[in-house]
Amino acid sequence: MNFRISIIIPIYKGEGYIENLVKKIKEQEVEYNVELIFPVTNSRDNSLAICEKYGDIVYEVENFNHGKTRHEAAVKFTGDILVFMT
């Protein structure tokens with residue numbers, strides 16, 4: 001199968017776990033491509049830079065809102081299946 005899975009992962013002060021999370025996602029043996037979407041809420045750590053290193057779509061969110069932020073990210077996905085993670 002040639003499916004593309006889009007995974008939306010909202011980030012806030014996530015520099016301590018982003019790299020490990022991405023590593024675990026990419027270690028999975030699956031028959032589809034993965035697109036990582038990171039809406040990054042203003043934080044004073046290196047979350048944005050780390051996400052830019054690993055993400056396919058990365059952008060800053062000024063005012064996080066659980067529903068609105070996820071909706072805005074969902075509009076950007078290009079895959080066949082959409083997954084939300086926290």
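This is a predicted model: local features need pLDDT of at least 70, side-chain atom pairs count only at pLDDT 80 or more; totals for chains, interfaces and linings use all residues.

Biologist: Is Lys53 buried or exposed?

Modeller: Buried means under 20% relative accessible area, exposed over 50%, and partly exposed in between (1.4 Å probe, protein chains only). Lys53 has a relative accessible area of 59% and is therefore exposed. Lys53 lies in helix H2, and its C-alpha atom is separated by 16 Å from that of Tyr12, 41 residues apart along the chain.

Biologist: How does the radius of gyration of the protein agree with that of a compact globule?

Modeller: The radius is taken over C-alpha atoms, and the globule rule is 2.2 Å times the number of residues to the power 0.38. For 86 residues the rule gives a value near 12 Å, and the protein, at 12 Å, agrees with it. Along the principal axes, the C-alpha atoms fill a box of roughly 40 × 25 × 15 Å.

Biologist: What share of the residues counts as buried?

Modeller: Of the 86 residues, 35% are buried. As a general idea, nonpolar side chains in soluble globular proteins tend to be buried together.

Biologist: Which residues make up the largest nonpolar core?

Modeller: A nonpolar core is a set of buried Ala, Val, Leu, Ile, Met, Phe, Trp, Tyr and Cys residues joined through side-chain atoms within 4.5 Å. The largest one here has twelve residues: Ile5, Ile7, Ile9, Ile11, Ile18, Val22, Ile25, Leu36, Phe38, Val40, Ile50 and Cys51. At least two residues of this core come from each of strand E1 (3-8), helix H1 (18-27), strand E2 (32-41) and helix H2 (47-54). A second, separate core has six residues, including Ile8, Tyr59, Ala73 and Ala74.

Biologist: Which residues are in contact with Ile5, leaving aside its neighbours within four places in sequence?

Modeller: Contact means heavy atoms within 4.5 Å. With those neighbours left aside, Ile5 is in contact with Tyr32, Asn33, Val34, Glu35, Ile81 and Val83. Ile5 is found in strand E1 and counts as buried because its relative accessibility is 9%. The C-alpha atoms of Ile5 and Gly79 are 74 residues apart along the chain, yet separated by 5.2 Å.

Biologist: Where is Ile25 placed, and what does it touch?

Modeller: Ile25 is in helix H1 and, at 9% relative accessibility, is buried. Neighbours within four places excluded, Ile25 is in contact with Ile7, Ile9, Val34, Leu36 and Met85. Between Ile25 and Leu36, eleven residues apart along the chain, the C-alpha separation is 9.6 Å.

Biologist: What share of contacts joins residues at least 24 apart?

Modeller: Among contacts between residues at least 6 apart in sequence, the share is 61%.

Biologist: Finally, how are the loops to be read?

Modeller: Lys13 lies in the loop between E1 and H1, and its phi is near 50°, a positive value in a residue other than glycine. Asp45 is found in the loop between E2 and H2. Not counting residues up to four places away in sequence, Asp45 touches Lys13, Gly14 and Glu15. Asp45 and His66 are 21 residues apart in sequence and 21 Å apart in space, C-alpha to C-alpha.

Technical notes:
Residues are numbered from 1 along each chain as its sequence is written. Side-chain values use heavy atoms; hydrogens and water are left out. Helices (H or I, at least four residues) and strands (E, at least two) are DSSP runs, numbered from the N terminus.
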